[in-house]
Amino acid sequence: MNYDVIVVGAGLTGSALAYELAKKGQKVLLVEKNLNFSNGTVYSYGGIAYWCGTDDRTISLCQEGIKIQRGLSDELDYDTQYRDLDLLFTIPHDKNPEQVRTNYQNFWIQPELLSVEDSCGLEPLLNREAISGCLRFPHGHVNPHKLIIGYQIAFKRLGGEIREELVVDLEKKGSRTVGIKTSKNSYFAPEIILCAGAFCRSLLRDVGVSLPIYFTHAQLIKTKPTDIKLRCLIMPSTTARFLMEEDVTALAKDTLWENPNDELQGEVLEPGAIQFLDGSLCLGQISQIRTNTSAPVDARASEDKIRGAIAHYLPALGTLEGQWHNCQVAFSKNVPFQVGRVEQIEGLSVFSGFTSPFVFVPTLAQKFAHFLATDEGDFPLKTS
Ligand SMILES: Cc1cc2nc3c(=O)[nH]c(=O)nc-3n(C[C@H](O)[C@H](O)[C@H](O)COP(=O)(O)OP(=O)(O)OC[C@H]3O[C@@H](n4cnc5c(N)ncnc54)[C@H](O)[C@@H]3O)c2cc1C
């Protein structure tokens, strides 16, 4: 069987793009190594940061993104559990709230600075001793697992095919890709799109392409449903992860990424929590930089650190029964995503490396699918 397009990876990026391509009438094969999913998408909070645009293009993508997310349950005929909710960025008790607020002044929607009293009024589970206030953003929320299942069901309804196989190589003829090789089969299509998150890097390296797509190893805890009620999405008001990402992707550190190893290059702990509609919670998160995707992580130490930090800000949640998880999360250097055709290799594209994917992916999947089907639009990949 031949296809028009093969999409590699069925996390948020691959599921959304496969669906949008099928809507355009393309014959699409979506290949995923693990349909039980232990990827960046299913372990995420599912927050839709539609306030995060900073220029005309990203502001318009945010506005379109939240509009699409609000209508997706109807469009996909599957409940993504969309809702509007408050995002609270906690400000540590020893930090000046006004000063912290200046870190967020570039966004098109400005946060509201809440006193300790008002923060705890909005989110009674917060420890008033731990904070000097909070920044409140209007935010959207979906159940991330349901979102990708919804996309996949709608994709199959349009004739799309999903196969659970590990892609081990890209098939090339001269300077163009003609298909993929999996652990079981070979499949052929004139367009191959990498939506493999952290694993894009190694798939690209195998065909001699180096793009500034990197990844963190993220650790978190998923709890069972509980009667405790967390009203808001809680995250810390720190920019430490972005600074760490900047540091480990500086040009001087390129050799680190070209020669992957297990060594810890950086670690950031961001105490955050979200409750899903079934009452379960996701408690996060540690982000570590190790350039090998399969580097081992000390689960016990990591779980203890997350629980300690959560207990400081949200005392009722620190000891909830739950399961520790580890996944890899892709990010790009200096841009909010890497979307476009790979210049050196005809037929190969990348749709990955997103910051705030839950707001940007639905819109860009529509636009990129349109571009691939018609060649209208402009998607330059950043190469360094
Ligand atoms: C704790 C936490 C909270 C987060 N909260 C938010 C949030 O609130 N809002 C937000 O916007 N983002 C959030 N994120 C980030 C977000 O979840 C991810 O960036 C995003 O879901 C990544 O989607 P993806 O499709 O690029 O990657 P993934 O979801 O990782 O999907 C990639 C897929 O490719 C498959 N794959 C890889 N290699 C191969 C191969 N060789 N063959 C076949 N299949 C392959 C993998 O199995 C995987 O299913 C959070 C992340 C974490 C860890």
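The model is predicted.

Start with the helices. Helix α1 covers residues 12–23, and helix α5 covers residues 144–157. Their axes lie 9 Å apart and pack at an angle of about 25°. Angles under 35 degrees count as roughly parallel, so α1 is roughly parallel to α5. The crossing of α1 past α5 is left-handed. On the α1 side, the contact is made by Leu12, Ser15, Ala16, Ala18, Tyr19 and Ala22. On the α5 side, Leu147, Ile148, Tyr151, Gln152, Ala154 and Phe155 take part.

Helix α5 also packs with α2. The axes of α2 and α5 come within 10 Å and cross at roughly 40°. The two helices are therefore oblique to each other. This crossing, too, is left-handed. From α2, the residues in contact are Gln69, Leu72 and Leu76. They meet Leu147, Gly150, Tyr151, Ala154 and Arg157 of α5.

Now follow α2, residues 56–76, to helix α10, residues 357–374. Here the axes come within 7 Å and cross at roughly 90°. That angle falls in the range of 65 to 115 degrees, so α2 and α10 are roughly perpendicular to each other. The α2 residues in this contact include Arg57, Leu61, Cys62, Ile66 and Gln69. Among their α10 partners are Phe358, Phe360, Pro362, Leu364 and Lys367.

Next, Trp108. It lies in the loop between α3 (97–101) and β5 (112–114). Trp108 is partly exposed, with a relative accessible area of 32%. Its contacts beyond four places in sequence are Tyr50, Trp51, Cys52, Gly53, Ile59, Cys62 and Gln63. Take Cys62, which is 46 residues from Trp108 along the chain. The C-alpha atoms of Trp108 and Cys62 are separated by 9.7 Å.

Aromatic rings come next. The structure holds 19 aromatic pairs. In one of them, the ring centres of Phe89 and Phe137 are 5.8 Å apart, with the planes at 85°. Planes over 60 degrees apart count as edge-to-face, so this pair is edge-to-face. The pair links distant parts of the chain. Phe89 sits in strand β4 (residues 83–92), and Phe137 sits in strand β6 (residues 131–141). The two residues are 48 residues apart. Phe89 is buried, at 6% relative accessible area. Phe137 is also buried, at 0%.

Elsewhere, phenylalanines gather. Phe337, Phe351, Phe354, Phe360, Phe368, Phe371 and Phe379 form one aromatic cluster. Phe360 also belongs to the contact between α2 and α10.

The charged end of Lys33 sits over the ring of Phe199, 3.7 Å from the ring centre. The charged end of Arg70 sits over the ring of Tyr50, 5.5 Å from the ring centre. Tyr50 is also touched by Trp108.

Finally, the backbone. A cis peptide bond joins Gly284 and Gln285, with omega of about -25°. Gln285 lies in strand β15 (residues 281–289). Ser356 has a positive phi, near 55°, and is not a glycine. Ser356 lies in the loop between β18 (348–352) and α10. At 24% relative accessibility, Ser356 is partly exposed. Asp375 also has a positive phi, near 70°. Asp375 is found in the segment after α10. Asp375 is exposed, with a relative accessible area of 54%.

Methods:
Residues numbered from 1 in each chain as written. Predicted model: local features only at pLDDT ≥ 70, side-chain atom pairs only at ≥ 80, totals over all residues. Heavy atoms only, no water. Phe/Tyr/Trp six-rings, centres within 6.5 Å; stacked < 30°, edge-to-face > 60°. Helix = DSSP H or I, 4+ residues; strand = E, 2+ residues; numbered from the N terminus. Buried < 20%, exposed > 50% of the residue type's maximum accessible area, 1.4 Å probe, protein only. Lys NZ or Arg CZ within 6 Å of the ring centre and 35° of its normal. Axes fitted to C-alpha atoms, helices over the stretch in contact; angles between N-to-C directions. Parallel < 35°, antiparallel > 145°, perpendicular 65-115°, else oblique. Left-handed = near helix turned anticlockwise from the far one by under 90°. Contact = heavy atoms within 4.5 Å.
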